[in-house]
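Reader: I am new to this structure. Could we go through it in short steps?
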Amino acid sequence: MQQPGKRKTVYTRPLDFKKGRVEMAHGSGGRAMTQLIEQLFMRSFDNAFLSQMNDQAIFPGYSGRMVMSTDSHVVTPLFFPGGDIGYLSVHGTVNDVVMSGAEPCYLSAGFILEEGLPLSDLKRIVESMAAAAMEIAVPIITGDTKVVERGSGDGVFITTTGIGKVPEGIHISAERAKPGDKILVSGTIGDHGIAIMLAREDLSFYGTLESDTASLHGLVATMVRTAPDIHVLRDPTRGGLAAALNEIAQQSGVGMMLYEKSIPIKEQVSAACEFLGFDPLYVANEGKLIAICSSEDADNLLAVMNAHPLGRDAAIIGEVIEDTHSFVQMETRFGGKRVVDWLSGDQLPRIC
Amino acid sequence: MKYIDAFRDGTLARKIAAKIAIEINPNRDYYLMEFCGGHTHAISRYGIADLLPDNIHMIHGPGCPVCVLPMGRLENMIQLARMPGVILCSYGDLLRIPTANGHSLLKMKAQGADIRMIYSSAEALKIARQNPQNQVVFLAIGFETTTAPSADVIKQAQTLGLTNFTVFCNHVLTPSAISHILQSPEIRELGLVRLDGFIGPAHVSTIIGSAPYEYFAQEFQKPVVIAGFEPLDVMQAILMLIRQLNDNRAEVENEFTRAVLPFGNLKAQMLVAEVFELRRSFEWRGLGVVPYSALRIKSNFSDFDAEHRFELPSLSIADNKACECGAILRGVKHPRDCKIFGTACTPENPVGSCMVSSEGACAAYYRYGRFREANNHCNKSHMANH
């Protein structure tokens, strides 16, 4: 054993990001963990708050209202066309923060790593997070890493928390939808869920369909500037458009009437949904938002959305109506009406 | 041609609706049964009922594979799921059906059973080849559409000499179910249920053809129109049935000519005949024991028969007493006639099989009809206020 007194500088072999794997030691609080933090997280997320190396981040506050949101990210496969769990973990939380009309300020990230995860995968994921955070200029200022035994995780789980500040005069909330309001969606629906499904089932015959994962802060900022009185914003992630609209209808105590022909859906997505037996209204999105505003604001809002790269395909897809049952209905392309109900359990494909 | 949009064209739908409105006899009612769950699904998903006059009544038939699976067979599946080292491969819809004591394959999976959702029988075979140390059982259910793919994997497994792959065969036959409904006392003798004509199966008919329906048309004097699963197919089929009924004809007509031939897919039929044989009788949920209505694996393929390998007992388990799935599947009762509909039995917590699949009459009605009634009620009270 080495005598402590004799030790001057300890040579530590750098982490092997080519062939190395996550080991239990990377989470046990020892040197291996410090090494992982220094050589990967600190280098990638690089900012003054994080480099204080404290158990917490101390940051300047703001006067006025602030928002905070947290989101855990689990996805199989970890890498998929259009993104990976790293991008998703930043975009998902930032989007939840900005759906209040807020400007995102800080993020935190907690990692649960599964023993055996290739370090190259972890590096790629962390670099994606860094790139996503850099793009929106929101630093990841504190974090945590735990390692669980092989078989107890699914590669990596990431929980992120975001803090933002709400500009004066903005009151966006899911209970503010009123009869007569217009419902807008920022683009094609179902891209993320179907991209993941195709990657998971190894169904590649639909050509390239990419996840829509994106941070919506820029789009929201321009929307809020144009129409400060937006009533509701929501990103239709799990459960898709249908779940998000049902939640809003319930919270506001109103009904909704959608027009199927106005809902933007990519042809590959509707084809894949046909094949897999899914309804695109229930498929997840990661870079789309629903906006509900007064009918007077609707056209202006649509115009600024269409002018933004993430709102190119935005459309007015329906309106809020009076309904004590809070049903979300849809006028089908076919000319009939149907209920767009809550999803029961998971979407499972039909047999014939 | 864009196959998805072309058969969902609203303008064409309104044209057909206008024709139906002109051609119906306003002094009578039309009771039409869509046999297949696929049609039930299309009717509710596209709001077809809104385009039909009030005197056309659609009755949802039993053609929903998971709806007619009897409790005993489901219990067998649960038994298989409990066996150590067994991997069960199942189509998605089947996973959620509850057993009499509240189990389901989905719950078994949560408890640690190895149950994989697959999209095709070929995936089950692949899983068997990848896991030679496990017994892989494919839960084969469905009508004629899914039967040929099951036959195919059994033959492949034999060629490959697999010793860890079996099929739990629950395949049932459409024509037997239709005759059973038509021969039921409620329809034939008591006249309690009126049934004027059938929208015939889409995918099933691509396999068996249109010829097998000739018997019903002649023997029971009921018109049959075979139709695709797209909403325009359904509308056109309804128009064709109205025309037959108005002319007092009872013929088999084929609206789904883009996929159905008179004698069907002979290659698939030969494959099925090579691997499967008729069961003397089989229990259907809702219809009871129906003679010669299902298939079993022939003895020369018994190495691939899960019933044979695992010596599964034949179980007959009664439905929950309050559940009216049986009468609903025969068209005798309407979902709203069931006491537990929408209360104890919902899509979140289904008691009966008709509430499980989106093809089931109760689930379709829960999603669609419930809101129609609420709306009618609103309109009426709205009018009363004025």
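Author: One definition comes before the rest. A residue is buried if 20 or more other C-beta atoms lie within 10 Å of its own, exposed if 12 or fewer, and partly exposed in between. Keep in mind that this is a predicted model.

Reader: Is Gln221(B) buried, exposed or partly exposed?
Author: Gln221(B) has 13 C-beta neighbours inside 10 Å. Exposed residues have 12 or fewer, and buried ones have 20 or more. Therefore Gln221(B) counts as partly exposed.

Reader: Where is Gln221(B), and what is the value of its phi?
Author: Gln221(B) is in the loop between helix 11 (214–219) and strand 8 (224–226) of chain B. Most residues other than glycine have a negative phi. Gln221(B) is not glycine, yet its phi is positive, near 55°.

Reader: Which loop holds Ala137(A), and is Ala137(A) buried or exposed?
Author: Ala137(A) lies in the loop between helix 3 (119–135) and strand 5 (140–148) of chain A. Its phi is positive, near 55°, in a residue other than glycine. Around Ala137(A) there are 9 other C-beta atoms within 10 Å, so Ala137(A) is exposed.

Reader: What is the peptide bond from Thr76(A) to Pro77(A), cis or trans?
Author: Pro77(A) is in the loop between strand 1 (66–73) and strand 2 (79–80) of chain A. Most peptide bonds are trans. From Thr76(A) to Pro77(A), omega is near -5°, and the bond is cis.

Reader: How many residues of strand 1 of chain B are buried?
Author: Strand 1 of chain B covers residues 30–36. The strand is mostly covered. Of its seven residues, the buried ones number six.

Reader: Which residue is the bridge partner of Tyr31(B) in strand 2 of chain B?
Author: Strand 1 of chain B runs parallel to strand 2 (residues 56–63) of chain B, and six bridges join them. These two strands and helix 3 (residues 37–45) of chain B make a right-handed β-α-β unit. Across the pair, Tyr31(B) has as its partner His57(B).

Reader: Which residue stands opposite Met33(B) in strand 7 of chain B?
Author: Strand 7 of chain B spans residues 197–200. Three bridges join it to strand 1 of chain B, and the two run parallel. Opposite Met33(B) stands Phe198(B).

Reader: What are the bounds of the domains of chain A, and how many Å separate their centres?
Author: Chain A is divided into domain 1 (24–55 + 64–165) and domain 2 (182–339). Taken over C-alpha atoms, their centres are separated by 27 Å.

Reader: Which element gives the most to the side of domain 1 of chain A that touches domain 2 of chain A?
Author: The contact takes 23 residues from domain 1 and 25 residues from domain 2 of chain A. On the domain 1 side, two or more residues each come from helix 2 (85–98), strand 4 (103–114) and helix 3 of chain A. With nine residues, the element that gives the most is helix 2 of chain A.

Reader: How many residues does each chain give to the contact between chain A and chain B?
Author: On the side of chain A, helix 7 (267–276) and strand 13 (337–339) each supply at least two residues. The residues of that side divide into eight nonpolar, seven polar and seven charged. The contact takes 22 residues from chain A and, from chain B, 39 residues.

Key. Residues numbered from 1 in each chain as written. Chains lettered and ligands numbered in written order. Predicted model: local features only at pLDDT ≥ 70, side-chain atom pairs only at ≥ 80, totals over all residues. Helix = DSSP H or I, 4+ residues; strand = E, 2+ residues; numbered from the N terminus. Pairing = 2+ DSSP bridges. Right-handed = clockwise from strand over helix to strand, strands pointing away. Contact = placed C-beta atoms within 7 Å. Nonpolar A, V, L, I, M, F, W, Y, C, P; charged D, E, K, R; others polar. Domains from an automatic or database assignment.
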